[in-house]
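Have the sequence and the 3D view at hand.

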Amino acid sequence: QEQLVESGGGLVQAGGSLRLSCAASGRTFSSYGRGWFRQAPGKEREFVAAISWSGGSTYYADSAQGRFTISRDNAKNTVYLQMNSLKPEDTAVYYCAAVGPYYCSGYGCYEDRDSYDYWGQGTQVTVSS
């Protein structure tokens with residue numbers, strides 16, 4: 001059974017950093033695009049970042065651009081989200097997701113929650129002021 005499991009969330013002060021990981025199991029996701037979304041209380045789940053199956057293309061929401069970096073290690077079936085200069089408004093449950101294989105080719109597709117086939121259970125990130 002395919003499964004995505006996030007880790008690395010926690011409590012951090014504003015200006016700090018966290019690195020989220022999303023390990024996949026049950027199949028090889030090397031041909032799948034991978035994305036990160038987040039959902040704050042009372043808000044809809046929103047796109048944060050995505051990376052193409054090869055890692056050659058990355059996509060970021062405006063809120064993440066310049067502060068967050070998405071990367072992947074296909075040998076480990078894992079995707080990462082390095083988050084720097086964290087702000088209280090980054091507080092949310094962060095979800096990783098997989099889309100594919102070879103399905104998305106541009107920002108609009110990766111940004112769309114409905115594009116994704118698999119989702120993790122989420123990891124809480126709390127940024128204190």
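C104 is buried, and C109 is buried too (buried means under 20% relative accessible area, exposed over 50%, and partly exposed in between, with a 1.4 Å probe and protein chains only). Before going on, please note that this is a predicted model, where local features need pLDDT of at least 70, side-chain atom pairs count only at pLDDT 80 or more, and totals for chains, interfaces and linings use all residues. Residues are numbered from 1 along each chain as its sequence is written, and side-chain values use heavy atoms, leaving out hydrogens and water.

C104 and C109 are joined by a disulfide with 1.9 Å between the sulfur atoms (a disulfide is a pair of cysteine sulfur atoms within 2.5 Å). Their link is left-handed, at -65 degrees about the S-S bond.

The structure holds 2 disulfides; another one joins C22 to C96. C22 sits in strand β3 (residues 18-25) and C96 in strand β9 (residues 92-99), so this pair ties together parts 74 residues apart in sequence (strands are DSSP runs of E, at least two residues, and helices are runs of H or I, at least four, numbered from the N terminus). The link of C22 and C96 is right-handed, with 50 degrees about the S-S bond, and both cysteines are buried.

Now for the rings. F37, F47, Y59, Y107, Y110, Y116 and W119 are linked into a cluster by ring pairs (rings of Phe, Tyr and Trp, the last by its six-membered ring, pair if their centres lie within 6.5 Å; planes under 30 degrees apart count as stacked, over 60 as edge-to-face and the rest as tilted). F37 counts as buried at 0% relative accessibility.
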